[in-house]
Amino acid sequence: ISQRYDDVTPEDDCYDALAWALAGNVAEVGSDGYNDFRPRDKASRGEVAVFLWRYAGRPGDVLLGPRPSFADPACDVAFGSYYAEAAKWLKEDDLSVADPFRAQDTMTYGELATLLWRYARLLETPESQASDAAHSADDEASTRSEEKEAGERTAAGDDADAAAWAFKHDILPFYEFENKLGEPCTREGVIETLYAFDGIRG
């Protein structure tokens, strides 16, 4: 890979997933001034939102011209924060209605599974920003030749269905019998889960 983090080597379990994330701009070396990925640090809700937003093709991102102003998506999400556009997308595509958003809080693996399960269903909705961005990203990749948000846990049925779906498709970085759904995600765990999710999309 052309970009590398100083603290991740080919011997690390997350190396392949992180190489994929760097190639797809899901992760960025030097983002926010960091050259270390800190793979074993717990991921915040803000970080998870940004990783998924980048993976989804940055829905709603304005690449040229002035950025439009918008109403803050939650009382604790200020325009200009690094996760503001990601949080706005989560709300607009109905993946998150959390207010406050609690960007600095951690997210459990069960919550991450629910978020991805809802996102997978969202991709089947043609009018969603996520669907538009996914098609744009697919088109761009070919030319180069190569779920309301989980943190709220307001619907137990969603969580149960999402966990069953995640284990069926082996997208979580552990086995079902390990009972880790309630544990906070690590940064490497989020990237490994997105990498596995991308694999089941074909």
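This is a predicted model: local features need pLDDT of at least 70, side-chain atom pairs count only at pLDDT 80 or more; totals for chains, interfaces and linings use all residues.
Reader: What is the relative accessibility of Y195?

Author: Numbering starts from 1 along each chain as its sequence is written, and side-chain values use heavy atoms, with hydrogens and water left out. On the scale used here, buried is under 20% relative accessible area, exposed is over 50%, and partly exposed is in between (1.4 Å probe, protein chains only). Y195 counts as partly exposed, because its relative accessibility is 36%.

Reader: W20 and Y195 make an aromatic pair; which kind is it?

Author: Rings of Phe, Tyr and Trp (its six-membered ring) pair if their centres lie within 6.5 Å; planes under 30 degrees apart are stacked, over 60 edge-to-face, and the rest tilted. By that rule there are 14 aromatic pairs. For W20 and Y195 the centres sit 5.5 Å apart and the planes meet at 40°, so the pair is tilted.

Reader: And what about Y55 and Y119, which kind of pair are they?

Author: Y55 and Y119 are both buried. Their ring centres are 6.3 Å apart with planes at 70°, so this pair is edge-to-face.

Reader: How many residues apart are Y55 and Y119?

Author: Helices here are DSSP runs (H or I, at least four residues), numbered from the N terminus. Y55 belongs to helix α2 and Y119 to helix α4, so going by that numbering the pair joins distant parts of the chain, and the separation is 64 residues.

Reader: Which element has the lowest mean pLDDT?

Author: pLDDT is the predictor's confidence in each residue, from 0 to 100, and the protein averages 79. Over residues 133-156 it is below 50. Among the elements, α7 has the highest mean, 96, while the lowest, 44, belongs to α5.

Reader: Which residue lies over the face of W117?

Author: A charge sits over a ring if NZ of Lys or CZ of Arg is within 6 Å of the ring centre and within 35 degrees of the ring normal. R187 does this with F37, at 4.5 Å from the ring centre. Over W117, at 4.6 Å from the ring centre, you'll find R121.

Definitions and conventions
Helices (H or I, at least four residues) and strands (E, at least two) are DSSP runs, numbered from the N terminus. Contact means heavy atoms within 4.5 Å.
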